[in-house]
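Here are some notes for a first look at this structure. Please keep the model open while you go through the points.

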Amino acid sequence: MKKIFAFLLLGLTVAFASCGDEKTETGTDWFLTPVAEVNGTTVGLSCQTRFGEGVLENTSVGFSYAAVVDNKIGAFADVAGSAVDGTGIAATLTGLQPETSYVVFAYAGLSTGRVQSAGAVFKTGQDDMPDPDPERPAFGTPAASGVTKTEATLSCTFNFEDTADYDVYFRYKPASSGSYDRVNVPTGTGTKTAALTGLTPGTTYEFALCADWGGQTYTSAAATFTTSSDGGGGNTGSAKYSGWPELPVEVANSDYYYAYHICPDFSVGGHKARNYTVCFSAENHCPLWVSAPRHACYEVKNTDRIDAYGRDPKIPSNIQCSSKSTGGGCNKGHMLGSAERLVTREVNKQVFYYTNIAPQYSGSFNTGGGAWNNLEAFVDAQVCADTTYIVVGTYFKPFTDAYGQSCSPAKISFGGRNDVTRPSMFYYLILRTKSGSTRKSVRDCRADELKCAAFVLRHNMEKGHKPQAKDMMKVSDLEALTGFQFFANVPNAPKSSYNPSDWGL
């Protein structure tokens, strides 16, 4: 049974800004209240605006939504929408949790920044798929399977039984660039599948199931898959929180453990800010990567460094270090530094979890004038009015850098264990706007407005080394080296190129 909701959100304060570049203005003068048409766990969203006809046609529009559980709002995700008759916005949500309340805002990315509507609340029903509704095509959750170097099979359930003419098809394209290709599938209710061939190895693709009916295009939620670069199976996952630009894609691996740390007592725009995310290796007893937003709001000095080393409560304790002791010629190297999280004591405490610590050479790398410390200072200078997004990672195979010098990993005694792997290489990925002051989300920026690159240092790099162009690497090349997919939530991130002059090198 279809239900229509248009409730104003009362008693809940929500903002989309993580800090700088995620600034979003309320635009209630430009929007009416969003309307949600609920069919079980599939929801059709629409919102009328007061923009002039055609204003939204070449503008990024859509809806941001989050579940509300125990009066607490979860992480927001965005779904792209389409401009309807030049003045309205429409989109479809699928695969939602049954009998769950959600809050939703409409948004439009204008040249002056992103504006949003007032909030509305809807509640899903019980049915996973709705009864046929001649008023609107309905979609399930799209998925990719059989992903290889050049092939993938797409699938998505579809429910629509109108007898008028309409087309159903999958559209797909490389996530970072290009235009959509299209594969038509039969009309009618059921599961739609399409076999793709001739794909580019080592490439992330985005796709959706679409239906053209009555002069309008209806689409499922977007999904991604990544073809393999070596002939093996590809990665069919996507980043867990679609609104977090810094998040790499979770890889299903029994060795990997993930933790998402939210600031306990620091809020931005009325909701608790995120601190950092870590992927931790049980085999190496070391973080594989830590991702985080960097912005001055986190660095306001309301506390001193507290040195509260301890185990991460979100990762099994038996695979972590058990003390702050050092060894193997190394000291305790923070992935996300203490100075980058001084806004409160509790926020600073989280960066002293052992899952944020890796062994780093104390004589030449993580010391005054060390190669890593010089790179950290370089990254500090990249923090701007817009938010800067970072991923700090380790590598545990033999590594040869652009200078022809090599380093190998080794097992050492460290942190109360005798089986910690000392990395052979550390890397820093940075994504931000070129100007640093767009006041736009990086997800709403064109590729030519963004810069991203990887900075790679072998662990035994000589002391005094400062960042150079030869230390840089395309993000796509680092993806091929590490097996991780970075900045998946920013489709226009220029991962396949970089310009050293953009970084002052």
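1. Start with the packing around helix α3. Its buried residues pack against six strands, listed here by residue range: β25 (286-294), β26 (330-334), β27 (357-361), β28 (388-395), β33 (425-433) and β34 (450-458). This is a predicted model, so read every contact as computed.

2. How many residues of α3 are buried? Seven of the 10 residues in the helix, which spans 371-380, are buried, so α3 is largely enclosed by the rest of the structure. The buried set is Ala-371, Trp-372, Asn-374, Leu-375, Glu-376, Phe-378 and Val-379.

3. Now step back to the whole protein. It has four helices and 35 strands. Of its 505 residues, 55% are buried. Among contacts with a separation of 6 or more, 70% join residues 24 or more positions apart. The accessible surface is about 20300 Å², and carbon and sulfur atoms hold 47% of it.

4. Look next at Asn-284. It sits in the loop between β24 (271-281) and β25. Is Asn-284 buried or exposed? Asn-284 is buried, at a relative accessible area of 10%. Its side chain makes a polar contact with the side chain of Ser-281 at 3.0 Å. Another polar contact runs from the Asn-284 side chain to that of Thr-421, at 2.8 Å. Leaving out residues up to four places away in sequence, Asn-284 touches Phe-396, Lys-411, Asp-419, Val-420 and Thr-421.

5. Salt bridges come next. The count is 17. One of them joins the side chains of Arg-443 and Asp-78, at 2.5 Å from N to O. Arg-443 lies in the loop between β33 and β34, and Asp-78 in strand β8 (residues 77-80), so this pair ties together parts 365 residues apart in sequence. Arg-443 is buried, with a relative accessible area of 18%. Asp-78 is partly exposed, at 23%.

6. A salt bridge also links the side chains of Glu-340 and Arg-294, at 3.5 Å from N to O. Glu-340 is in the loop between β26 and α2 (345-350), while Arg-294 is in strand β25, 46 residues apart. Both Glu-340 and Arg-294 are buried.

7. Arg-458 belongs to strand β34 and Asp-401 to the loop between β29 (399-400) and β30 (406-407), so the pair ties together parts 57 residues apart in sequence. Both Arg-458 and Asp-401 are buried.

8. Finally, a network. Salt bridges with shared partners join Arg-294, Glu-299, Glu-340 and Asp-380.

Methods: Residues are numbered from 1 along each chain as its sequence is written. This is a predicted model: local features need pLDDT of at least 70, side-chain atom pairs count only at pLDDT 80 or more; totals for chains, interfaces and linings use all residues. Side-chain values use heavy atoms; hydrogens and water are left out. Helices (H or I, at least four residues) and strands (E, at least two) are DSSP runs, numbered from the N terminus. Buried means under 20% relative accessible area, exposed over 50%, partly exposed in between (1.4 Å probe, protein chains only). Contact means heavy atoms within 4.5 Å. Accessible areas come from the Shrake-Rupley method with a 1.4 Å probe; for residues, only the protein chains shown count as cover. A polar contact is a pair of N or O atoms within 3.5 Å; within protein, one must be able to donate a hydrogen and the other to accept it, and residues adjacent in sequence count only if both atoms are side-chain atoms. A salt bridge is a side-chain nitrogen of Lys or Arg within 4 Å of a carboxyl oxygen of Asp or Glu.
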